[in-house]
Structures are given as C-alpha cells and as structure tokens.
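Here is a short tour of the model you are about to see. Please keep the sequence and the 3D view side by side as you read.

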Amino acid sequence: MASKKKQIESINSRLALVMKSGKYVLGYKQTMKTLRNGKAWLVIISKNCPVLKRSQLEYYAMLSNTGVHHYNGNNIELGTACGKYFRVSCISITDAGDSDIALPKENAEEKKE
C-alpha cells in the first residue's frame, strides 16, 4: 500500500513539473487533435473517463505510437494534480520540459531496439 501511494505522489510531482516547464493540452478534444497530428508523447487518462472515450484515446495512441498512462484517481484528482480548479479527464503531454515523465519518441524507439 505504501508503494502505491509513493507511486501516486511521484506521478503528481512529475505532473506538476510538466505543468510548470512543459507543454500540454487538457481535455478530450485537444488530446485527440494532438494524437491525430502525432505531437503527443504521453496521454494520461483518469480512472472515471467514459469507456468509449478511453477506448478511442487508447486506439489513437496505439496508432500514433504514444504512451498511455491510466491515472489512479478520478477526474477531480487529476485536475487537482495539474493545479487546476476544474475536472480533467485526460491530458496530452507534448513537451515534458524539465520533467522525466515521458521520454521523447526518438529515445523511446532507441530503448526498444
């Protein structure tokens, strides 16, 4: 149980660093745009995102070779982790900035080989 809480805190701290120094988009429509354009590095989906939207996000992420992370909290907690006062169902990170939350696509492909 302690490791799970530590993992959540780690994700939240990395997410806060992305919000300060990186580039990202919030919301389903904007996330789908970044996936279709191939600009997303990582997609974070909340636990209570509707099933149809979740499956579409996962499918587009698979097509664009983008990582998907299922956030353990609901959309209220994900919004709070982003430092926002509203609910966020999904986030697309296009530039991680100083954070190590997502590796660039070139580095990820090198590690696979």
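Lysine 47 touches Arg54, Tyr71, Asn72, Gly73 and Asn74, leaving aside residues up to four places away in sequence; a contact here means heavy atoms within 4.5 Å. You will find lysine 47 in the loop between β2 (42-45) and α3. At 54% relative accessibility, lysine 47 counts as exposed, where buried means under 20% relative accessible area, exposed over 50%, and partly exposed in between (1.4 Å probe, protein chains only).

Before going further, a word on how to read this: the model is predicted, so local features need pLDDT of at least 70 and side-chain atom pairs count only at pLDDT 80 or more, while totals for chains, interfaces and linings use all residues. Residues are numbered from 1 along each chain as its sequence is written, and side-chain values use heavy atoms, with hydrogens and water left out.

**The overall fold**

The chain has 5 helices and 4 strands, in the order α-β-α-β-α-β-α-β-α along the sequence. These elements are DSSP runs numbered from the N terminus, with helices (H or I) of at least four residues and strands (E) of at least two. Of the 113 residues, 34% count as buried. Among contacts in the chain with a separation of 6 or more, 79% join residues 24 or more positions apart. The accessible surface comes to about 7200 Å², and carbon and sulfur atoms own 52% of that; areas come from the Shrake-Rupley method with a 1.4 Å probe, and for residues only the protein chains shown count as cover.

**Helix α3 and what follows**

Tyrosine 59 is part of α3. Together with Met62 and Leu63, Tyr59 forms a nonpolar surface patch with about 350 Å² of accessible area. Such patches take residues with over 30% relative accessible area and no salt bridge, joining like charges within 9 Å and nonpolar side chains (Val, Leu, Ile, Met, Phe, Trp, Tyr) within 5 Å.

Just after α3, asparagine 65 has a positive phi of about 60°, and it is not a glycine. Most residues other than glycine have a negative phi. Asparagine 65 sits in the loop between α3 and β3 (67-70).

**A link across the chain**

How many salt bridges does the structure hold? There is 1, with a salt bridge being a side-chain nitrogen of Lys or Arg within 4 Å of a carboxyl oxygen of Asp or Glu. Arginine 14 pairs with aspartate 100, the closest N and O atoms lying 3.3 Å apart. Arginine 14 belongs to helix α1 (residues 2-21) and aspartate 100 to the loop between β4 (90-95) and α5 (105-112), 86 residues apart. Serine 99 lies in that β4-α5 loop too, touching Arg14, Leu17, Val18 and Ser21 beyond four places in sequence.

| Residue | Relative accessible area |
|---|---|
| Arginine 14 | 32%, partly exposed |
| Tyrosine 59 | 47%, partly exposed |
| Asparagine 65 | 43%, partly exposed |
| Serine 99 | 8%, buried |

**Confidence**

The chain averages a pLDDT of 86, and 83% of the residues score at least 70; pLDDT is the predictor's confidence in each residue, from 0 to 100. Over residues 107-113 pLDDT stays under 50, and the model has 3 contacts there beyond four places in sequence. Where pLDDT is low, the predicted coordinates should not be read in detail.
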